[in-house]
Amino acid sequence: MAPSPFQAEFRVLIGPDWVPLPFLEGLEAEAVDMYLRRAPVTCCSFQGGFFIDVGGQPFSDDGSVDELWMTWSWFFALKALLDGAAETGVHPWEESHMRLWRQGDVLSMEDRSASEKPITPRVEVAFLHFAQSLARQGLAFLAWAERVLAALEAREPPVPEALKTEFSRALRLPRGVLEEVASRVGVTASGG
């Protein structure tokens, strides 16, 4: 089977809506206010990830995107494949047991339940293009998250330290693994 066209879009849960990251540009202070209105603020308050369509069909959506730290498992998996692993796992949502297989330029993906029953059909995409898309959007998310944290610091009245800690834990994701993946697939912070 030849790789299928795909579209991946990083979205963040803002209130009841999954908002594409580019639409949040310049709305960092409003995002802070929204998170603070939905008390209690915990790591579960911060959800976002990749909505992926393959061949025009949803592969991941609002039912399979979870907390931001889970989304970052995509980058650890891509790094493993770049390091030479033929197969690895990714866990972008709580009950996911997704498997990824790389065969040369092709990436196969299938999400499974804890009992190993397929949740999604196995799909194939072009590995390099897929890794570049996720890396580019991951870097954009980190830049947005830094602006959210700056808006939090500038907020009046000041936010209690305990809340700042929750924001920081949720939004300061491992930068190194993403930057390594981005560098290895030819993506720079400016979009590459």
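In helix α5 (residues 161–171), the buried residues are K164, E166, F167, A170 and L171. Seen down the axis of α5, these residues fall within an arc of 155 degrees, so they line one face of the helix. Here the arc is that of the directions from the helix axis to the C-beta atoms. Buried means under 20% relative accessible area, exposed means over 50%, and partly exposed lies in between, as found with a 1.4 Å probe and protein chains only. Helices (H or I, at least four residues) and strands (E, at least two) are DSSP runs, numbered from the N terminus. The model is a predicted one, in which local features need pLDDT of at least 70 and side-chain atom pairs count only at pLDDT 80 or more, while totals for chains, interfaces and linings use all residues. Residues are numbered from 1 along each chain as its sequence is written, and side-chain values use heavy atoms, with hydrogens and water left out.

An α-helix has 3.6 residues a turn, so residues three or four places apart point the same way. On the other side of α5, the residues E161, A162 and R169 are exposed. The cover over the buried residues of α5 includes α1 (28–37), α2 (68–71) and α4 (127–154).

Leaving aside neighbours within four places in sequence, L171 is in contact (heavy atoms within 4.5 Å) with F46, L68, F141, L142, A145, V148 and L149. Between L171 and W144, 27 residues apart in sequence, the C-alpha to C-alpha distance is 9.4 Å.

Helix α4 also packs against helix α6 (residues 175–184), at an angle of about 145 degrees and with the axes 9 Å apart. Axes are lines fitted to C-alpha atoms, for helices over the stretch in contact, and angles run from 0 to 180 degrees between N-to-C directions. The crossing of α4 and α6 is left-handed; this term applies if the near helix is turned anticlockwise from the far one by less than a right angle, and right-handed applies if clockwise. To the contact, α4 contributes A135, G138, L139, L142 and E146, and α6 contributes R175, L178, E179, V181 and A182. These residues divide into 6 nonpolar, 1 polar and 3 charged. In this division Ala, Val, Leu, Ile, Met, Phe, Trp, Tyr, Cys and Pro count as nonpolar, Asp, Glu, Lys and Arg as charged, and the others, Gly among them, as polar.

Within α6, the buried residues are V177, L178, V181 and A182. They cover an arc of only 130 degrees around the axis, which puts them on the same side of α6. The cover over them includes α3 and α4. Just after α6, G186 takes a positive phi of about 80 degrees.

Helix α3 (residues 73–82) is largely enclosed by the rest of the structure, because 7 of its 10 residues are buried. Those residues are S73, W74, F75, A77, L78, L81 and L82. After α3 comes G84, whose phi is positive, near 115 degrees.

Attention now turns to a strand. V12 belongs to strand β1 (residues 6–14) and counts as buried, since its relative accessibility is 0%. Apart from neighbours within four places in sequence, the contacts of V12 include W18, Y35, Q47, F141 and W144. The C-alpha atoms of V12 and Q47 are separated by 6.0 Å, although the two residues are 35 residues apart along the chain.

The peptide bond from A39 to P40 is cis, with omega near -5 degrees, and P40 is in the loop between α1 and β3 (48–54). The peptide bond from E156 to P157 is likewise cis, with omega near -5 degrees, and P157 is in the loop between α4 and α5. In the loop between β7 (106–110) and β8 (123–126), E116 has a phi near 75 degrees, a positive value in a residue other than glycine.

How many disulfides does the structure hold? The number is 0, where a disulfide is a pair of cysteine sulfur atoms within 2.5 Å. The sulfur of C43 is 4.2 Å from the closest cysteine sulfur, in C44, which is too far for a bond. C43 is partly exposed, at 35% relative accessible area, and C44 is partly exposed at 43%.
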